[in-house]
Amino acid sequence: MSAAASYKVLVAGATGACGQAIVRELVATPRCEEVIALCRRANVRLPFADAGKVRVIVLEDFGELTLTPAERRSKDCPLWSLSGVGAAVCALGTTMKDAGGSKEVFQRVDHDYICGFVRTALACGARKIALISASGASERSLFFYMRVKGETEKHVHALCAEYGAALHILRPGMLLTPPRTSGASRPAERAAQQLVKTLRLSMGGILAVSVEHVAKTVRMALETAPEELLQRFSSLEEQASQTWVYPSRTIFRIGVEAG
Ligand SMILES: NC(=O)c1ccc[n+]([C@@H]2O[C@H](COP(=O)([O-])OP(=O)(O)OC[C@H]3O[C@@H](n4cnc5c(N)ncnc54)[C@H](OP(=O)(O)O)[C@@H]3O)[C@@H](O)[C@H]2O)c1
């Protein structure tokens, strides 16, 4: 996909706070022909679902993303025969709370499902991948959450290298979201967000960015030549060949500039 070409994009996590903002942003950009949202439930409410540009593919068990093609039970899921996808965005993730405190469940979603999604997207033709990771992600971190995020980044990088695909890793700090309209309410998360807002501690995006800033950065990553982005945003890091890392402050700056 050249920098100026139009594209179809496959999105995982589209029903989440970040994912919904990303769908809204991509639907609104003329170069995006179609947003294909991979969801585990039918009848989900996505932004602009009626505008004719959003298609939902239901995969009830994301565990199937980790199976080999021969092992897949739902042979009739349209995902397995999807082609012509130019890009993919992964905003999938859970929390230790939603994982019932289980490290195993957390790792399954935040590592296994994400790697399975990226592998599937690459097989569908995607050659630009945007991964929503997290600030502090490192495979050497002492913290389990950061370590899983770091290991996921590393494995997604290896998959993209195998296919010669470009990888854009976004590492936001805390996500400032509109009030959640679906899913579990997270009082602790809301309280922390309020604190950040009230004390104006976002410090140019280092601590926190809005989901809209993340969405705008995803669009810029998919539609702009990386060389141009590197010139315009000095804090953008070229981590390896074809792999760019967007620290939280870069997401903030791109979000503000893309206004
Ligand atoms: N929240 C923050 O402050 C923060 C900060 C830094 C980085 N991040 C990272 O940014 C990403 C997006 O975060 P978010 O706050 O937008 O997340 P979110 O609102 O909780 O949304 C998570 C998405 O993942 C899907 N999902 C979760 N568990 C799943 C499972 N077992 N099978 C299939 N789908 C599943 C959800 O689908 P359903 O709607 O069906 O549940 C939803 O679409 C995550 O990777 C997160 O770790 C978040």
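The chat below goes through a predicted model of one protein, from its sheet to some single residues.

User: What does the secondary structure of the protein come to?

Analyst: In this predicted model, the secondary structure comes to seven helices and 10 strands.

User: And how many strands form the open sheet, and in what order?

Analyst: Eight strands form the open sheet, in the order β3-β2-β1-β4-β5-β6-β10-β9, and their pairing is mixed. The edge strands are β3, residues 54-58, and β9, residues 237-240, each of which pairs on one side only. From one strand to the next, the twist averages 20°.

User: Which helix packs on the sheet, and what does it touch?

Analyst: Helix α1, residues 17-28, packs on the sheet and touches β1 (7-12), β2 (32-39), β3, β4 (87-90) and β5 (128-132), with a direction that makes about 160° with that of β2. Helix α5, residues 211-223, lies across β1, β2, β4, β5, β6 (166-171) and β10, and runs at about 160° to β5.

User: Back to the pairing: in which sense do β9 and β10 pair?

Analyst: Strands β9 and β10, the latter covering residues 243-247, pair in the antiparallel sense over three bridges, and within this part of the sheet E238 stands opposite W244 of β10. By contrast, β1 and β2 run parallel and are joined by six bridges, with Y7 standing opposite C32 in β2.

User: Is β1 enclosed or open to the outside, and why?

Analyst: Strand β1 is largely enclosed by the rest of the structure, because five of its six residues are buried.

User: What about the whole protein, what share of it counts as buried?

Analyst: Of the 259 residues, 49% count as buried. The protein exposes about 12,200 Å², of which carbon and sulfur atoms supply 53%. As for the contacts with a separation of 6 or more, 66% of them are accounted for by residues 24 or more positions apart.

User: Why does H168 count as buried?

Analyst: H168 counts as buried because its relative accessibility is 1%, and the cut-off for buried is under 20%.

User: Next, the lysines. Is K216 buried or exposed?

Analyst: K216, which is found in helix α5, is buried, with a relative accessible area of 16%. Apart from neighbours within four places in sequence, K216 is in contact with E25, I254, G255, A258 and G259.

User: And K154, which side chain does it make a polar contact with?

Analyst: The side chain of K154 makes a polar contact of 3.3 Å with the side chain of E139. K154 is found in helix α3, residues 144-163, and counts as partly exposed at 45% relative accessibility. The C-alpha atoms of K154 and S138, which are 16 residues apart along the chain, are separated by 9.0 Å.

User: How many disulfides does the structure hold?

Analyst: The structure holds zero disulfides.

User: Last topic, backbone angles. What is the phi of N43?

Analyst: N43 has a positive phi of about 60° although it is not a glycine. Most residues other than glycine have a negative phi. The place of N43 is in the loop between β2 and β3, and N43 counts as exposed at 79% relative accessibility.

User: And Q242, where does it lie and what is its phi near?

Analyst: Q242 lies in the loop between β9 and β10, and its phi is near 70°, again a positive value in a residue other than glycine. Q242 is partly exposed, with a relative accessible area of 34%.

Key: Residues numbered from 1 in each chain as written. Predicted model: local features only at pLDDT ≥ 70, side-chain atom pairs only at ≥ 80, totals over all residues. Heavy atoms only, no water. Pairing = 2+ DSSP bridges. Helix = DSSP H or I, 4+ residues; strand = E, 2+ residues; numbered from the N terminus. Axes fitted to C-alpha atoms, helices over the stretch in contact; angles between N-to-C directions. Contact = heavy atoms within 4.5 Å. Buried < 20%, exposed > 50% of the residue type's maximum accessible area, 1.4 Å probe, protein only. Areas by Shrake-Rupley, 256 points an atom, 1.4 Å probe, with all protein chains shown as cover. Disulfide = S-S within 2.5 Å. Polar contact = N/O pair within 3.5 Å; in protein donor to acceptor, adjacent residues only side chain to side chain.
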